[in-house]
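Here is a set of questions and answers on one protein model. Keep the sequence and the 3D view open as you read.

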Amino acid sequence: MFAAAFSAPGYDDEPDAEHFATDQLPTHADREDFRLVTARADGRLTGFAYGFTGRRGQWWPDRIAEAVSAELADAWIGGHFEVVELAVRPDAQRNGLGTELMTALLSGLPHRRALLTTYSDDRPAPRLYRRLGWQVLVPDLGWGSALYGLDRGVPEGR
Ligand SMILES: CC(C)(COP(=O)(O)OP(=O)(O)OC[C@H]1O[C@@H](n2cnc3c(N)ncnc32)[C@H](O)[C@@H]1OP(=O)(O)O)[C@@H](O)C(=O)NCCC(=O)NCCS
């Protein structure tokens, strides 16, 4: 599913599905507050999204903190909900599933701030995030990715 979504026409990534399944996902599944949401149709996985609470000292938050201003890093990084992946099988796209998955992933979370990186060019994913109220914190971090943040306006839960 991961490979199908990220190797569809228009995506120049060469998805390493083996790494995703055997290394990335099992590592992330042990992280604080890990949450994975899935969509299925006729018993077949059609989409998923996942994330967890990100902390300073982890690779991604530290890499982002180095790439942004200290002020922005202090305000956003550490204790945030980190959205790591969102993917919908190409033949199930453009039916609202990605939007539903993203909404379900964040539903009921106590985190005030959520963070993600996505494509800095115009694609379905960044459009979807902006529609759901995410703001562009850094349009281009320097490696083709943009940093998006969502201020969920709920009390800091942790
Ligand atoms: C990003 C992604 C998850 C979106 O999934 P999706 O299920 O197509 O998402 P949605 O259906 O909610 O929205 C996508 C588009 O379909 C449109 N749409 C939704 N329901 C629709 C319907 N019933 N009829 C017509 N269009 C519809 C939306 O308006 C949106 O349009 P836009 O891209 O022009 O803004 C999917 O494109 C994907 O897996 N891409 C590859 C992986 C990827 O980029 N992941 C994110 C990494 S940061």
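Q: Is D33 buried, exposed or partly exposed?
A: This is a predicted model, in which local features need pLDDT of at least 70, side-chain atom pairs count only at pLDDT 80 or more, and totals for chains, interfaces and linings use all residues. Residues are numbered from 1 along each chain as its sequence is written, and side-chain values use heavy atoms, with hydrogens and water left out. Buried means under 20% relative accessible area, exposed over 50%, and partly exposed in between (1.4 Å probe, protein chains only). D33 has 30% relative accessibility, so it counts as partly exposed.

Q: Where is D33 found, and what is its phi near?
A: Helices (H or I, at least four residues) and strands (E, at least two) are DSSP runs, numbered from the N terminus. D33 is found in the loop between α2 and β1. D33 is a residue other than glycine, and its phi is positive, near 60 degrees.

Q: Is D42 buried or exposed?
A: D42 lies in the loop between β1 and β2. D42 is not a glycine, yet it has a positive phi of about 50 degrees. Its relative accessibility is 83%, so D42 counts as exposed.

Q: What is the order of the strands in the open sheet?
A: Two strands pair if DSSP finds at least two bridges between them. The open sheet has six strands, with mixed pairing. Their order is β1-β2-β3-β4-β6-β5.

Q: Why is one side of β1 and of β5 left without a neighbour in the sheet?
A: β1 (35-41) and β5 (135-138) stand at the edges. One side of each has no neighbour in the sheet because each has a single partner strand.

Q: By how many degrees are neighbouring strands of this sheet turned against each other on average?
A: Axes are lines fitted to C-alpha atoms, for helices over the stretch in contact, and angles run from 0 to 180 degrees between N-to-C directions. For the neighbouring strands, direction is ignored. The average turn is 30 degrees.

Q: Which residue of β2 is the bridge partner of A39?
A: β1 and strand β2 (residues 44-54) run antiparallel, joined by seven bridges. In β2, the partner of A39 is G47.

Q: Is G47 buried or exposed?
A: G47 has its place in strand β2. Contact means heavy atoms within 4.5 Å. Not counting residues up to four places away in sequence, G47 touches M1, V37, T38, A39, A87, V88 and L101. Its relative accessible area is 0%, so G47 is buried.

Q: How far apart in space are G47 and A87?
A: The two are 40 residues apart in sequence. C-alpha to C-alpha, G47 and A87 are separated by 5.5 Å.

Q: Is T46 buried or exposed?
A: T46 is found in strand β2. Its contacts beyond four places in sequence include M1, A39, A87 and L97. At 6% relative accessibility, T46 counts as buried.

Q: Which residue of β6 is the bridge partner of V138?
A: β5 and β6 run antiparallel, joined by three bridges. Their hairpin has six residues between the strands, and there G142 takes a positive phi near 115 degrees. The partner of V138 in β6 is L147.

Q: At about what angle does α6 run to β4?
A: Helix α6 (residues 124-131) lies across β3 (80-88), β4, β5 and β6. Relative to β4, its angle is about 155 degrees.

Q: What volume does the largest pocket have?
A: On a 1 Å grid over the protein atoms alone, a pocket is an open set of points where a 1.4 Å probe fits, with protein on both sides within 12 Å along at least five of seven lines; lining residues have an atom within 4 Å of a point. Grid points are joined across faces, edges and corners, and a volume is the space filled by probe spheres set on the points. For the largest pocket this gives about 1500 Å³.

Q: Which residues are the closest to the centre of the largest pocket?
A: The lining of the largest pocket holds 49 residues. Its largest share, seven residues, comes from β3. The closest to the centre are F6, V84, E85, L86 and Y119.
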